[in-house]
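Here are my notes on this one, as numbered points. Have a look at the model first, then read on.

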Amino acid sequence: MTAKSTGSSTDNQGEDTETNLSELTTVREKALSDMLTLREALKLYKPDFIFRSQKRLQELEIKATQRRVQMHECRLQQRKRMGPRVQTIPLPTPLKKRQCTTPHPLSDNLHKPKGRIIPEKEMQMRSKRIYNKLPEVKMKKEEEKKKVVSQTNRLRAMVYKKKLLDQVRQKQ
């Protein structure tokens with residue numbers, strides 16, 4: 001009898017764990033279905049956040065359209081200043097040489113540089129100037145100067161030595 005009772009108790013425990021597991025999975029599924037997406041949670045708990053972000057996006061779009069209008073007006077003014085346009089064939093410029101400083105339309109930078117094409121020579125001069133300011137390059141140039149100075153000093157010493165030897169030989 002004891003064997004039967006222990007067997008039935010283990011059967012009951014197995015059934016209990018199965019029901020507990022099934023209850024847990026249903027609870028988890030229910031919790032997952034009840035979970036909100038980020039957008040829904042923000043709408044529910046932080047409606048002002050969504051309002052501010054939408055307002056920011058609208059402001060950025062307005063600024064971008066203002067920039068486009070301003071650029072168009074600038075082009076029209078430049079054309080008026082230039083006078084009647086002469087029909088010319090535009091020379092195709094390679095993509096390498098087209099390095100403009102136009103700002104991104106959605107950037108919020110207040111100090112916007114004017115859109116202009118930077119000549120290749122100017123770019124080379126700028127990079128050379130920056131390169132010459134590097135400490136490694138400065139040290140290398142100083143070492144070369146020292147070498148040149150020491151070499152000229154050696155040559156002067158040799159010339160002086162020869163003159164002295166010539167003077168000594170003439171006296172004898």
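How many residues apart in helix α3 are Arg52 and Asp48? Four, so about one helical turn separates them.

1. Ground rules. This is a predicted model, where local features need pLDDT of at least 70, side-chain atom pairs count only at pLDDT 80 or more, and totals for chains, interfaces and linings use all residues. Residues are numbered from 1 along each chain as its sequence is written, and side-chain values use heavy atoms, leaving out hydrogens and water.

2. Overall make-up. The protein chain has five helices and zero strands, helices being DSSP runs of H or I with at least four residues and strands runs of E with at least two, numbered from the N terminus. Of its 172 residues, 3% count as buried (under 20% relative accessible area; exposed is over 50%, partly exposed in between, with a 1.4 Å probe and protein chains only).

3. The salt bridge. Searching the whole structure turns up one, defined as a side-chain nitrogen of Lys or Arg within 4 Å of a carboxyl oxygen of Asp or Glu. Arg52 and Asp48 make it, at 3.9 Å from N to O. Helix α3 spans residues 47-82. Arg52 is partly exposed at 44% relative accessible area, and Asp48 is partly exposed too, at 43%.

4. The loop lysine. Lys133 sits in the loop between α4 (120-132) and α5 (135-171). Why does Lys133 count as exposed? Because its relative accessibility is 57%.

5. Contacts. Taking contact as heavy atoms within 4.5 Å, 30% of the contacts between residues at least 6 apart in sequence join residues at least 24 apart.
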